[in-house]
Amino acid sequence: MVAAVLCLSSLFFLPMWKITLIAPQYPKGIQMNIHINKIGGDSPAVLQNINILNHYIGMKKIEPESIPELKYFPYIIIGLMVLGLLAAGVNRPSFYLTWVVLFGVLALLGIYDFYLWEYDYGHTLDPRAPMKFPGASFQPPVFGTKNIINFVAKSYPHTGGYLAMLSAMLATAAWWIKNKIDKTNEKNISSSQFAMANK
């Protein structure tokens, strides 16, 4: 369980998601990295380049300081880490399972929020944009690959995201192992008591 908390702490140092845009003029792709408290890229100019591209089709400018999730999401992760350490200290299967369920619920809510964020940016277009594509949607996929006009948009977890998944797996393993140990101990105690009663 402690290992699960350590994996989750990686979100403070590593990006959790990445969106890559590939086009003929960008054969190597432009990669935007999403952290729990900021948005950037594999180079300082990435966000600026994406905002320039978005301007031509009327998408809103991506301004990390105006995204509220980037302000409160770190506190959610800290809360999960504290609860994870508490579960490790109590060392009961029910505490491990509760943590895994809470983690899963928060992860689903985060993914849904990410979808809403992408939907807003992909569908709220400025009618005065230099380039217009009637009926087109510029929303990147939440997970996977999607063709958007002459771009290929790829959206997948980054290193921190994969470590967060590993965190959930480790916590689940902690629950399963502790539950198995407790049942084995109960069985051994019952057998010992039965043997003592028959002496």
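At what angle do helix α1 and helix α3 pack, and how far apart are their axes?

**Entry 1, the model.** I noted that this is a predicted model, where local features need pLDDT of at least 70, side-chain atom pairs count only at pLDDT 80 or more, and totals for chains, interfaces and linings use all residues. Residues are numbered from 1 along each chain as its sequence is written, and side-chain values use heavy atoms, with hydrogens and water left out.

I looked up α1 (residues 2-9) and α3 (residues 69-90): they pack at about 170°, with axes 9 Å apart. That makes α1 roughly antiparallel to α3 (an angle over 145 degrees). Axes are lines fitted to C-alpha atoms over the stretch in contact, with angles from 0 to 180 degrees between N-to-C directions. Helices are DSSP runs of H or I, at least four residues, and strands are runs of E, at least two, numbered from the N terminus. On the α1 side I found Val2, Val5, Leu8 and Ser9 in the contact (heavy atoms within 4.5 Å). The α3 side gives Ile77, Leu80, Met81, Gly84, Leu85 and Ala88.

I found seven aromatic pairs in the structure (ring centres within 6.5 Å, using the six-membered ring of Trp). Ring pairs link Trp17, Phe114, Trp117, Tyr121, Phe143 and Tyr156 into a cluster.

Conventions
Angles under 35 degrees count as roughly parallel, over 145 as roughly antiparallel, 65 to 115 as roughly perpendicular and the rest as oblique. Rings of Phe, Tyr and Trp (its six-membered ring) pair if their centres lie within 6.5 Å; planes under 30 degrees apart count as stacked, over 60 as edge-to-face and the rest as tilted.
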